[in-house]
Amino acid sequence: MRNEILNFFGRIHAQYIHAWGELGTRVLIKELDCQPNEEILEIGFGTGTTLVRLFSKNKRTKFYGIDFAPLMYKKAKARLRFCMAGNSVKLSLMKDKKQIPFETNSLDKIFLESVLGIQEGNDLKDLLMEINRVLRPNGFLVMNETIWLETTSSEKINHINDFCKHNFGIIQSNAHYPYLKDWIDLLVSVNFQCESVIKLDEIKFDIKSEFRKPYKLLSLAFTAAGKIKTLLSRSVRKEEKDYYRKMKQIIPDKTPLMGGIIIKLRNEKNPF
Ligand SMILES: C[S@@+](CC[C@H](N)C(=O)[O-])C[C@H]1O[C@@H](n2cnc3c(N)ncnc32)[C@H](O)[C@@H]1O
């Protein structure tokens, strides 16, 4: 039976739904380098953990979030309210998946974590072009994505993606632009200039947590409330078990097939 995995993650209040979890988010936040008065958008906020984290340290920055999944919107709104950030961070549920509900040239920075990679085929390029539209000239895009290693063949990529789409409702990572060099070529073709590329599995240093204590505790309590629900519900437990069993079936050994990557880009479009 198909298990819509993103709905499942929403139901259990999962945090950091991306490879390299919290470490990836710490690196992304460092690259994002939030400044007072900047307007920053997260696309695909999941249950809202990163937005609470950013708000806890950057009270003079204006944060926005958009997502197209009604359950994620509901859960992220609840997390933000619970963490006393509900009046400060503005969340919206997208009506049209193809359109970012912001004016052209209106945002200083945009970030995404495990959102671009799960776009299928040329939807990835379309979303990047939309991002380019709403970002100001010289604005920044920062992404944390899991992409295929060059040692992973296209047959394997298609096989895993088909399996994941069929069983979990989403692909693992885009197959039209599978490898890092394809991503860079694609990004340059839609007017982004690459500022830095960080491979998460090569990180040797620790990055200080910038999550302010009271907010961190509240956010953890919200995550725990979802986890408790999992423990109490037999159907949720079964769903979780099925997911890990099927993942082991499709990726059985420890051979690395994918890598986590943080890319920071400058929007090079013409200001006129
Ligand atoms: C893998 S989850 C990651 C959630 C969150 N960024 C995190 O890392 O915890 C992907 C999220 O992106 C949302 N999403 C996927 N494609 C999207 C799109 N084209 N526009 C807006 N949201 C999208 C999903 O609903 C989901 O909340």
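1. A quick term before we start: two strands count as paired if DSSP finds at least two bridges between them. With that in hand, look at S6 and S7, which run antiparallel and are joined by seven bridges. One of the contacts to click on is isoleucine 198, whose bridge partner in S7 is isoleucine 262. Keep in mind throughout that this is a predicted model.

2. Now the whole sheet. Seven strands make it up, it is open, and the order across it is S3-S2-S1-S4-S5-S7-S6, with mixed pairing. The edges are strand S3 (90–93) and strand S6 (192–199), each of which pairs on one side only. On average, neighbouring strands are turned by 20° against each other, ignoring direction.

3. Next, the parallel part of the sheet. Strand S1 (residues 39–43) pairs with S4 in the parallel sense over three bridges, and leucine 41 stands opposite isoleucine 110 in S4. On to the next pair: S4 and S5 also run parallel, joined by six bridges. There, glutamate 113 has asparagine 144 in S5 as its bridge partner. As for cover, S4 is mostly hidden, with six of its seven residues buried.

4. Then the pairing of S5 with S7. Strand S5 (residues 135–148) and strand S7 (residues 258–267) are antiparallel and share nine bridges. Two pairs to check on screen: glutamate 145 has isoleucine 261 in S7 as its bridge partner, and valine 142 has lysine 264 in S7.

5. How enclosed is S7? Nine of its ten residues are buried, so the rest of the structure largely encloses this strand. Helix H7 (residues 180–189) lies across S5, S6 and S7, and runs at about 155° to S6.

6. Helix H9 is another story. Helix H9 (residues 234–250) is hardly covered: the count of buried residues among its 17 residues is zero. As for its length, H9 reaches 24 Å from its first C-alpha to its last, close to the 24 Å expected at 1.5 Å a residue.

7. Which residues come nearest to the ligand? They are Ile17, Gly44, Gly46, Ala69 and Glu113, out of the 20 residues around the ligand. By type, the shell divides into 13 nonpolar residues, four polar and three charged. Glu113 also turns up in the sheet, as the residue whose bridge partner in S5 is asparagine 144.

8. Two backbone angles I'd flag. Most residues other than glycine have a negative phi. Asparagine 105, though not a glycine, has a positive phi of about 60°. Asparagine 105 sits in the loop between S3 and strand S4 (107–113). Why does asparagine 105 count as partly exposed? Because it has 14 C-beta neighbours inside 10 Å, and the partly exposed class lies between the exposed limit of 12 or fewer and the buried limit of 20 or more.

9. The other one is asparagine 138, again not a glycine, with a positive phi of about 70°. Asparagine 138 is found in strand S5 rather than in a loop. Buried or exposed, then, for asparagine 138? Asparagine 138 counts as exposed because it has 12 C-beta neighbours inside 10 Å, and exposed is the word for 12 or fewer.

How values were computed: Residues numbered from 1 in each chain as written. Predicted model: local features only at pLDDT ≥ 70, side-chain atom pairs only at ≥ 80, totals over all residues. Helix = DSSP H or I, 4+ residues; strand = E, 2+ residues; numbered from the N terminus. Axes fitted to C-alpha atoms, helices over the stretch in contact; angles between N-to-C directions. Contact = placed C-beta atoms within 7 Å. Near = placed C-beta within 6 Å. Nonpolar A, V, L, I, M, F, W, Y, C, P; charged D, E, K, R; others polar. Expected span 1.5 Å × (residues − 1).
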